[in-house]
Amino acid sequence: MKKIVIDIERVLAEKGVSKTTLCYWCRLQRTQLNNYCKNKVVRVDLHTLEKVCDYLECDVCDILKMVEAEEEEAGREKVDGSIL
């Protein structure tokens, strides 16, 4: 089964932009941005996504990715093999 993941942290790192700077310029609360970064958002606010993409000078497809659900879980595995 496929799942959409939000990959803002990767784009921030590539662009050299801090979360604090992004929050300031996009008028986001830090908690809101952290929820996007941790994929804890069920409904994506398109206006928020638009502001983030505009500031980072990227496209929506750079932030939103469709991956196999197993791939994301594999990325969260501990060294001993258990899921976090």
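K65 counts as partly exposed, at 30% relative accessibility. The model is predicted; local features need pLDDT of at least 70, side-chain atom pairs count only at pLDDT 80 or more, and totals for chains, interfaces and linings use all residues. Residues are numbered from 1 along each chain as its sequence is written, and side-chain values use heavy atoms, with hydrogens and water left out.

K65 lies in strand β2, residues 64-68. Helices (H or I, at least four residues) and strands (E, at least two) are DSSP runs, numbered from the N terminus. The C-alpha atoms of K65 and I6 are 6.4 Å apart, although 59 residues separate the two along the chain. Contact means heavy atoms within 4.5 Å. Leaving out residues up to four places away in sequence, K65 touches K3, I4, V5, D7 and R10.

M1 belongs to the segment before β1 (2-6). The residue is exposed, with a relative accessible area of 76%. M1 touches V67, E68, A69 and E70, residues up to four places away in sequence not being counted. Its C-alpha atom is 5.8 Å from that of E68, 67 residues apart along the chain.

The chain holds six helices and two strands. Along the sequence, their order is β-α-α-α-α-α-β-α. Of the 84 residues, 29% count as buried. The accessible surface comes to about 6,100 Å², and 51% of this area belongs to carbon and sulfur atoms. Accessible areas come from the Shrake-Rupley method with a 1.4 Å probe; for residues, only the protein chains shown count as cover. Among contacts between residues at least 6 apart in sequence, 62% join residues at least 24 apart.

In soluble globular proteins, nonpolar side chains tend to be buried together. A nonpolar core is a set of buried Ala, Val, Leu, Ile, Met, Phe, Trp, Tyr and Cys residues joined through side-chain atoms within 4.5 Å. The largest such core here has 18 residues. I8, L22, V52, L56 and I63 have the most contacts inside it. Two or more residues each come from α1 (8-15), α2 (19-26), α3 (30-37) and α4 (46-56). The most come from α4, which gives four. L56 is in contact with V11, L12, K15, V17 and L22, its neighbours within four places in sequence left aside.

Helices α2 and α4 also meet. Their axes come within 10 Å and cross at roughly 115°. Axes are lines fitted to C-alpha atoms, for helices over the stretch in contact, and angles run from 0 to 180 degrees between N-to-C directions. In α2, T21, L22, W25 and C26 take part; in α4, the partners are K51, V52, Y55 and L56. By class, this contact has six nonpolar, one polar and one charged residues. Ala, Val, Leu, Ile, Met, Phe, Trp, Tyr, Cys and Pro count as nonpolar, Asp, Glu, Lys and Arg as charged, and the others, Gly among them, as polar.

Two loop residues have positive phi. N39 is not a glycine, yet its phi is about 55°. N39 sits in the loop between α3 and α4. With a relative accessible area of 27%, N39 is partly exposed. E57, also a residue other than glycine, has a positive phi near 50°. E57 occupies the loop between α4 and α5 (60-63). E57 is exposed, at a relative accessible area of 68%.

Definitions and conventions. Buried means under 20% relative accessible area, exposed over 50%, partly exposed in between (1.4 Å probe, protein chains only).
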